[in-house]
Amino acid sequence: MAPKEGTKVKSKATSRTKKAGLQFPVGRIHRHLKAGGYADRIGAGAPVYLAAVMEYLTAEVLELAGNAARDNKKTRIIPRHIQLAVRNDEELNKLLSGVTIASGGVLPNIHGVLMPKKSKSKDSMSQEI
């Protein structure tokens, strides 16, 4: 049965996530912001902005961790790769300076004092004796 003339046809509802062109759920973030008690009122743009920031940071970390996994000839990202990605990036390291990544390990680093001293050339050795 076709709708009568002059009546409006309801269009399918579009989520705020789709409208914003994001992957992270805007509605869920809005719900958590309201339940979190951060403020009495939460504006309509706040969860969209927060979802966009979270999505960007996630994509950045995943890209760097994927590169670290590829450098280690692995196809899966493990916590070690995330640790290497975060600690080798100056800005992410500053953002996550107080964060401990479980099973992440530490960056490979040997202090210069502990390195073996370079041996002198043969000419200088014969002159000293």
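Helices (H or I, at least four residues) and strands (E, at least two) are DSSP runs, numbered from the N terminus.

**Ground rules**

I am working from a predicted model: local features need pLDDT of at least 70, side-chain atom pairs count only at pLDDT 80 or more, and totals for chains, interfaces and linings use all residues. Residues are numbered from 1 along each chain as its sequence is written, and side-chain values use heavy atoms, with hydrogens and water left out.

**Entry 1: the whole chain**

I counted elements. The protein chain has six helices and zero strands. From the N terminus the order reads α-α-α-α-α-α.

Next I checked the overall dimensions. The C-alpha trace spans about 110 × 40 × 25 Å along its principal axes. The radius of gyration of the protein chain is 27 Å, while a compact globule of 129 residues would have one near 14 Å. That radius is taken over C-alpha atoms, and the globule rule is 2.2 Å times the number of residues to the power 0.38.

Then I looked at burial. Buried means under 20% relative accessible area, exposed over 50%, and partly exposed in between (1.4 Å probe, protein chains only). Of the 129 residues, 16% count as buried. The chain exposes about 11300 Å², and carbon and sulfur atoms supply 56% of that area. Accessible areas come from the Shrake-Rupley method with a 1.4 Å probe; for residues, only the protein chains shown count as cover.

I also noted contacts, meaning heavy atoms within 4.5 Å. Among contacts with a separation of 6 or more, 33% join residues 24 or more positions apart.

**Entry 2: the core at H2**

Which residues form the largest nonpolar core? I found five: Leu22, Val26, Ile29, Leu33 and Ala51. Helix H2 (residues 26–36) gives the most to this core, with three residues. A nonpolar core here is a set of buried Ala, Val, Leu, Ile, Met, Phe, Trp, Tyr and Cys residues joined through side-chain atoms within 4.5 Å.

Not counting residues up to four places away in sequence, Val26 touches Arg16, Thr17, Pro47, Val48 and Ala51.

Leu33 came next. Leu33 counts as buried because its relative accessibility is 16%. Beyond its neighbours within four places in sequence, Leu33 is in contact with Tyr38, Ile42, Pro47 and Leu50. Leu33 and Leu50 are 17 residues apart in sequence, and their C-alpha atoms are 9.9 Å apart in space.

His30 also lies in helix H2. Is His30 buried or exposed? His30 is buried, since its relative accessible area is 12%. With neighbours within four places left aside, the contacts of His30 are Arg16, Ile42, Gly43 and Pro47.

**Entry 3: helix H4**

I moved on to H4 (residues 79–88). His81, Gln83, Leu84, Ala85, Val86 and Arg87 are buried there. What covers the buried residues of H4 includes helix H3 (46–71) and helix H5 (90–95).

Gln83 counts as buried because its relative accessibility is 8%. Leaving aside neighbours within four places in sequence, Gln83 is in contact with Ile101, Gly104, Gly105 and Val106.

**Entry 4: a nonpolar surface patch**

Tyr49, Val53, Tyr56, Leu57 and Leu95 make a nonpolar surface patch of about 540 Å². Patches are made of residues with over 30% relative accessible area and no salt bridge; like charges are joined within 9 Å, nonpolar side chains (Val, Leu, Ile, Met, Phe, Trp, Tyr) within 5 Å. A salt bridge is a side-chain nitrogen of Lys or Arg within 4 Å of a carboxyl oxygen of Asp or Glu.

The largest share of this patch, four residues, comes from H3. I checked Tyr49, which lies in helix H3. Tyr49 is exposed because its relative accessible area is 63%.

**Entry 5: positive phi**

Most residues other than glycine have a negative phi. I noted two residues here with a positive value.

Lys73 has a positive phi of about 60° although it is not a glycine. Lys73 lies in the loop between H3 and H4. Lys73 counts as exposed, at 77% relative accessibility.

Ser103 is not a glycine either, and has a positive phi of about 60°. I located Ser103 in the loop between H5 and helix H6 (122–128). Ser103 counts as exposed, at 67% relative accessibility.
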